[in-house]
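Please look over the chain below before reading on.

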Amino acid sequence: MYKGNYIILILIILLSAIPAHSGQYPHTVAGLSSSDQINCKDCHEFHGDPSWGTGGVDLDNTYWNKLCYSCHNDVIAPSRAPHSSLQTDTSYGNWAVECKTCHDPHEHEQIGWGASSYLYSSTVSNVLIDTPVAGQSTIVDASPSWTDGEFDASGDDFFVVAGDVNDLVDNVYKVISNSGSNLVVEGTVDTTKTSAGDTFAIILGKLVRSTVVLDQIVTYTGVSTSVTSNSITESGAGWTPDQFVGLKLIPNAKLLNPIAYDITSNTSDTIYVSGTFSANAGDPFQVVGGIAGATPVIKSGNKSVRFFNRTGTNSFADGDTTYDGICEVCHTQTTYHRNNSSGNHTHNAGTQCTQCHDHTSGFKGAGDCISCHSTQQGTSRRDVSPDFAKTSHHVSTGMPTDVLTCMACHGNLLADRGHPGSATTDPITELEDADTAGTYYTIDPSTSDANLATFCISCHDSDGASRLGANAMQPFADSGDTTAPPNIASAWGNTYNHSANATCNDCHGDNAAAGTTLDPKYNLHGSSNSKILREATEYDTCVTSGCHGSGGSATTDMTVELSGTGGKHPIGSAVTPNSTTLQGDTNGDLFVNGWTKDSVAQCSDCHGMNQAGTNNVGPRGPHGSAYQFMLRGVDSSINTVTSGRAYGTPTNADAAGEVYAREAFCINCHASDVYGIGLGGTAANRTAYVPSNNNLSYILHYSTFKADRCGNPDGASVGGTNNQVGSKQKIGCTNCHAGAGWNYGGHSSTGPLGKGNGGFVNGNSWDNSTPPGTRCYTGSGGAGATWNTCTKGDHGGY
């Protein structure tokens, strides 16, 4: 017995009138033995209820559905789930479409539309039996114009051929393949009915009806405990009174073509109808014609169905204004493809709906993430595939290959959230906490990103996505990306950080976002810039269009901070103001390895992660620091001159406990064996920084407590402890360079320039003090010296 459930393409002799037949492919297959056929008694029982007709019922397990299940069980024939609220969700109430509503088990009604239903038509040149192998036949096309493989069987998609139009029962064949001029079919073709000169056509079928009766939409099914001539009772049903008013009752759902009666009222367990009927207690009954509720949604009328192809015109739902696709004739509430002009008819119009909404899942959207999200869905859900082809993105191999790569961030939305049936309103995004399975955050990427930082940090920490178990530190391993998430949490949780005033999407994400549903403002899939930054450079991200620019949300406007007339750092652009006289530093002799006078600095060169006692390992960027102003500190792992350069971090503090790292971190770039180290202004007296001596802060500057000491000559005899007249003081770089009292930090200077107009000098002043005016408190200046005469820096840098 050949029993299958296939999408059918039927090759037929010229079609004119189509009489009814009791069984067509796949329920009757030409060319196969009688033992491989379905006959009447396989479905029809003439003496009492068949075995499949007994037992309880529900929206899926109706009397007639159970008949179909008796074969469609993945043993005899492929199993298919019904289309119902039990399979999808109850957002539109309780409803079910029985198998027989869409399928006629006896014949291919679509053939009745005639030549318009043909996928292909031509003339038979010859018929070859047992060719190419025994048990197969080849129909030779007289003048083929098909594409090789166009009608090959693939999975459940089988094509069949029909012979004599008046004998579809005996002349319907399954197509195996096509190539050249040959159409290979299963079985032995009856050459008395299909021979040279006959016209044939290939038609898509699957026993789909040409008319769907909406009155047959089921909203409730049960078994009666008692009946009268106008009522049915189901003890203990628990219905809401009058919830079925406006719908119809089928008293005996065993009948193939039953009569439905208008429901006038119902109690908690009894339904009353207009008119009289005859039924027996114990018969299955159904409430049909819509969806029950306080105000029932009525489904009524007959809808024509034209299902000629899997894609394009007259496919599942082709998007035109004739609403006759098999996927749209019933819909009245869905967002997409209703049976009228309301709603959205552009959603994947003309595509094969079953690629995402498969019959095995009751047509619930159950395709992998990419099959749904790689194309725009109407005017709301966007195509995300371009995100993963940008310069930087979360999945290093490009487009995610399957659902697991999406689940790394979004979790198992199918199992946990009933996605897509219960999905939140687009474009709200659902994200699963990387450490706590089942904890989800909802983000509206068109307006805000509340909770986004919490979600991101749950993965970007020391244990990665711990809910992924073995892949905790490789959350995208399924896509081939074995990179561990950068540990941002260690910096984000520091004393000075961005977490209070900024979140991940302020700096990272799609820089072209318009803030609409199709182009959301917040999107961390990818960016056209490195490090998934919103702008081309760190400076642009932080300042040009970021929080620290003019009109930005940050307290400090960096465009002002970088506008000083006395010199500035070349931050974010290849600008080296006032640096051309730096002792001919063509090889970077005044800087640590990798830096020259022409180097372009970025914000993260000074601001960013600090890990005390290490060399600042981890992600760059101003996520957080242990030091004020989010300064990076300096590398304390190198304490001596190495390859001509050395740098390190001081650990000393003054009497008030101030950490001087923020005053000494300049030696990340400026060589510590050149600037400020040692006992004099000559190379012979300069030494590398030694943490135990705290000698970076004991540079040759004299006490500011006695103004008359400013003129004292340089000399090794000057010594002593803190605050002693004539002692070397713990002052940092910015006391003389850049801002007065740190007003401008190391960004720019507003004062006169130092030696050779390249000193970036403002003068010596302590934090929170009044700038000293025209006085210069360095050892080389005289008492009352002016700025322009204060040109001999004792650190030897100029």
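Contact, as the word is used here, means heavy atoms within 4.5 Å. In that sense isoleucine 326 is in contact with Cys102, Val208, Val212, Val305, Phe307, Ser315 and Phe316, once its neighbours within four places in sequence are left aside. This is a predicted model, in which local features need pLDDT of at least 70 and side-chain atom pairs count only at pLDDT 80 or more, while totals for chains, interfaces and linings use all residues. Residues are numbered from 1 along each chain as its sequence is written, and side-chain values use heavy atoms, with hydrogens and water left out.

**The chain as a whole**

- The secondary structure comes to twelve helices and 26 strands, where helices (H or I, at least four residues) and strands (E, at least two) are DSSP runs numbered from the N terminus.
- Of the 798 residues of the chain, 49% count as buried, a word that stands for under 20% relative accessible area, with exposed meaning over 50% and partly exposed in between (1.4 Å probe, protein chains only).
- Among the contacts in the chain with a separation of 6 or more, 62% are made by residues 24 or more positions apart.
- The accessible surface comes to about 34100 Å², and 52% of it belongs to carbon and sulfur atoms; such areas come from the Shrake-Rupley method with a 1.4 Å probe, and for residues only the protein chains shown count as cover.

**Nonpolar cores**

- A nonpolar core is a set of buried Ala, Val, Leu, Ile, Met, Phe, Trp, Tyr and Cys residues joined through side-chain atoms within 4.5 Å.
- The largest nonpolar core has 16 residues, and those with the most contacts inside it are Val212, Val305, Phe307, Ile326 and Cys330.
- A second, separate core of 14 residues includes Trp239, Ile263, Ile271 and Phe277.

- Strand β17 (residues 284-288) is largely enclosed by the rest of the structure, because five of its five residues are buried.
- In a regular strand the side chains alternate between the two faces of the sheet.
- In β17 both faces are covered, with Pro284, Gln286 and Val288 buried on one side and Phe285 and Val287 buried on the other.
- Two strands pair if DSSP finds at least two bridges between them, and strand β11 (residues 218-223) is joined to β17 by five bridges in an antiparallel arrangement, with valine 223 having proline 284 as its bridge partner.
- Strand β14 (residues 248-250) also runs antiparallel to β17, to which three bridges join it, and here isoleucine 250 stands opposite glutamine 286.

- Helix α5 (residues 403-410) has Thr405, Cys406, Met407, Ala408 and His410 as its buried residues, and what covers them includes α4 (369-373), α6 (413-417), β22 (429-432) and β23 (440-443).
- After α5 comes glycine 411, whose phi is positive, near 75°.
- Helix α7 (residues 452-459) has seven of its eight residues buried, so it is largely enclosed by the rest of the structure.
- The buried residues of α7, namely Leu452, Ala453, Phe455, Cys456, Ile457, Ser458 and Cys459, pack against α5, β22, β23, α8 (489-492) and α9 (504-507).

**Residues in loops**

- Valine 329 lies in the loop between β20 and α4, where it is buried with a relative accessible area of 0% and touches Val212, Leu214, Lys303, Ser304, Val305, Tyr323, Asp324 and Asn339, not counting residues up to four places away in sequence.
- Serine 341 has its place in the loop between β20 (302-304) and α4, but this residue is exposed, with a relative accessible area of 61%.
- Arginine 209 is found in the loop between β9 (199-205) and β10 (211-213), and its side chain reaches the backbone oxygen of histidine 103 at 3.4 Å.

**Cysteines**

- A disulfide is a pair of cysteine sulfur atoms within 2.5 Å, and by this rule the count comes to zero disulfides.
- Cysteine 43 is in no disulfide, as the nearest cysteine sulfur, that of cysteine 71, is 6.1 Å away; cysteine 43 is partly exposed, with a relative accessible area of 29%.
- Cysteine 504 counts as buried at 14% relative accessibility, and its sulfur is 3.7 Å from the closest cysteine sulfur, in cysteine 456, which is too far for a bond.

Note on methods
Polar contact = N/O pair within 3.5 Å; in protein donor to acceptor, adjacent residues only side chain to side chain.
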